[in-house]
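Work through the exercises below with the model at hand. Each task is followed by a stepwise solution.

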Amino acid sequence: MKKFLLKGILKDKGRSLLPVIVVSLGALLTVFLYSWVKGVMGDSIEMSSNFDTGDVKVVTRAYARQADQYPNDLAILGVDTLLEALKAGFPDMDWAPRIRFGALADFPDSLGETRGQGPVAGWAVDLLGEGSREPERFNLPAAIVRGRMPESRGEVLLAENLASRFDAGPGDSFTLFGTTMEGGFTFVNYTIAGTVRFGATGLDRGAVLMDLQDARAAFAMEDAAGEILGFLPVFHYDDRMAQEVVSRFQAGAGSGDGISGQDQEYAPVMITLGRQAGMAEMLVYAEAISGMLIFLFVLAMSIVLWNAGLLGGLRRYTEFGIRIALGEDKGHIYRSLLWEALVIGSIGSILGTFVGVVFVYIFHHVGFNFSSMMQQASMLIPGIMRPAITPAIYYIGFIPGVLSMLLGNALAGRGIYKRQTSRLFNELEV
Amino acid sequence: MTDNAIVTLRELYKRFPAGKGTFTALKDINLTFGKGEFSGIVGPSGSGKTTLLNIIGSLDTPTEGTATVLGKKINVLSQKEAAALRNNGIGFIFQTYNLLPVYTVYENVEFALLLQKISAPERKKRVMESLQWVGLADRAASRPASLSGGECQRVAIARAIVKRPALVLADEPSANLDSANSHHIVRTMKELNRELGTTFLFSTHDEKVMQYLDRIIYLKDGAVEKDELC
């Protein structure tokens with residue numbers, strides 16, 4: 001009987017091709033929208049994590065209170081010891097000491113006179129260390145517009161927009177004026193190794209990236225760092241996992257002997273991404289928005305596909321009448337209708353999910369560049385947005401695809417039970 | 001009830017609600033149809049022919065009286081039991097053929113056997129045999145859309161007889177056919193009636209069909225007006 005029904009599905013395009021196309025499109029759109037919403041929200045959080053907050057961040061208690069000012073005079077001392085303790089206490093995580101600073105960049109002309117000056121936001125990260133994952137975190141190889149990665153001390157990367165504004169480029173030098181950890185004045189010459197565009201408008205306006213050792217030398221921060229960022233061994237930020245790390249740290253793990261000193265002003269404290277300025281709201285917002293969008297879309301697609309199932313069932317009213325007259329049990333017809341819906345829904349969902357996943361992978365790789373629309377944005381928003389590749393993209397399309405088809409056919413099929421056999425002759429002979 | 005009776009109707013009434021009252025479609029019907037009969041129920045529209053066929057075909061139940069078909073009391077059958085009776089014992093031929101358009105002639109005829117869970121080789125044997133009886137073995141792979149009206153009705157006959165039912169109910173089988181085709185299909189059914197011993201019961205007012213019938217029951221306003229052997 002199943003073979004017979006399958007033949008019917010294959011031969012009747014109105015029963016197979018059309019519903020499969022509708023279900024496929026529904027599943028495709030669901031997969032893509034789901035990964036798009038997750039991607040955009042996840043990218044924003046991931047970007048914040050990589051550039052600014054880490055999944056967890058270790059700073060001194062005093063630094064934490066004024067974290068938005070990056071007060072390097074309150075930086076962590078004895079970083080090497082603390083890093084060793086963190087690596088020992090949390091071996092699965094990656095730890096990255098960083099120095100954030102604000103400074104003035106002075107671009108000279110050919111005679112060495114000031115040609116232009118501008119404020120810069122600086123990141124000092126481990127660019128030159130062997131096996132460092134910081135360049136990858138900043139997506140540097142791909143972000144370089146001109147020039148190359150720094151290969152030696154004294155070489156820095158400059159935001160392309162900033163470099164263009166001062167007509168500077170790879171090989172040119174500039175002077176950075178800043179403040180040491182002790183509050184003294186410092187100025188150091190650097191060579192531009194390359195220019196970068198991160199795709200985050202806030203950063204692209206005036207970022208300078210240098211090796212941590214250069215910043216330590218410039219700002220008299222030997223064995224010090226403003227913050228140590230910790231990255232969880234997961235693709236996307238996991239707040240529960242981060243909380244667990246913080247709890248263990250507070251309980252003494254990874255804090256190192258004689259360093260934690262919970263009551264000391266300069267004792268290191270660990271903060272999750274979710275507890276850092278504005279990020280808790282961001283996480284809630286991302287979850288709420290993505291949840292609502294996905295729910296609404298899945299619901300809308302479900303209604304469309306349910307309708308398709310309903311129409312498909314009604315279209316076969318005569319066929320069901322013939323089958324009842326020929327002696328097929330109503331329950332058997334109803335079950336066969338659901339079986340067909342399951343087959344159509346599954347085929348459509350598989351096709352739609354497959355195409356959807358392919359699109360997700362393609363656009364995840366290529367990305368959508370919205371940076372031109374966000375020239376004035378000061379938030380850390382990714383200029384290039386990409387759909388996210390998550391395990392859910394492999395099954396989310398089946399919710400509207402299979403369940404709605406089943407539901408639509410289940411509802412349409414109720415007519416089979418309501419049908420009065422005594423009317424069959426009249427109905428079938430119209 | 002005679003020994004070879006396959007349909008027995010006793011004091012049968014069928015009433016339908018109509019407005020605040022009821023409409024009596026069948027009144028005090030007492031009929032018996034024996035094995036191998038080739039009979040027709042004749043009467044004008046609204047005389048109750050189709051209602052009677054519905055009850056005999058276990059598609060409807062009487063309001064009063066009893067209808068016994070192939071040993072089963074129609075009055076007390078559940079929906080499943082009625083379906084099983086139709087599946088195993090009754091074949092239907094409709095005025096408008098009602099073939100499943102997406103399936104081939106072979107598959108349309110085979111469908112009746114699928115419900116009986118008959119093995120594939122046996123199904124094939126019986127389907128081809130039925131198609132040979134109606135002279136359409138060479139059109140087994142065709143779709144109904146490519147057949148003439150007469151051919152479609154012959155496929156419907158093959159579908160009705162493929163499961164070798166004891167009873168075939170045909171509701172106005174010639175209504176959509178021209179004269180030549182009407183004669184052809186009734187002659188086909190008459191031959192099957194003789195060869196297989198299948199009971200054929202028609203609802204008709206077509207003179208061309210009536211001339212082949214062995215027995216004609218005239219219905220008027222829901223009651224048997226005349227029951228005569230031809």
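The model is predicted, with local features requiring pLDDT of at least 70 and side-chain atom pairs pLDDT 80 or more, while totals for chains, interfaces and linings use all residues. Residues are numbered from 1 along each chain as its sequence is written, chains are lettered from A in the order in which they are written, and side-chain values use heavy atoms, without hydrogens and water.

**Exercise 1.** Determine the extent of the interface between chain A and chain B.

*Step 1.* Contact means heavy atoms within 4.5 Å; 26 residues of chain A touch 28 residues of chain B.

*Step 2.* Buried area is the accessible area (1.4 Å probe) lost by two parts on being put together, summed over both. Here it is about 2,800 Å², with carbon and sulfur atoms giving 63%.

**Exercise 2.** Find the salt bridges across the interface of chain A and chain B.

**Exercise 3.** Is helix α3 of chain B enclosed or open, and what does it pack against?

*Step 1.* Buried means under 20% relative accessible area (1.4 Å probe, protein chains only). Helices are DSSP runs (H or I, at least four residues), numbered from the N terminus.

*Step 2.* Ten of the ten residues of α3(B), 105–114, are buried, so this helix is largely enclosed by the rest of the structure. Among them are B:E107 and B:F111.

*Step 3.* These buried residues pack against α1 and α12 of chain A, and against α2, α4 and α5 of chain B.

Definitions and conventions:
A salt bridge is a side-chain nitrogen of Lys or Arg within 4 Å of a carboxyl oxygen of Asp or Glu. Buried means under 20% relative accessible area, exposed over 50%, partly exposed in between (1.4 Å probe, protein chains only). Helices (H or I, at least four residues) and strands (E, at least two) are DSSP runs, numbered from the N terminus.
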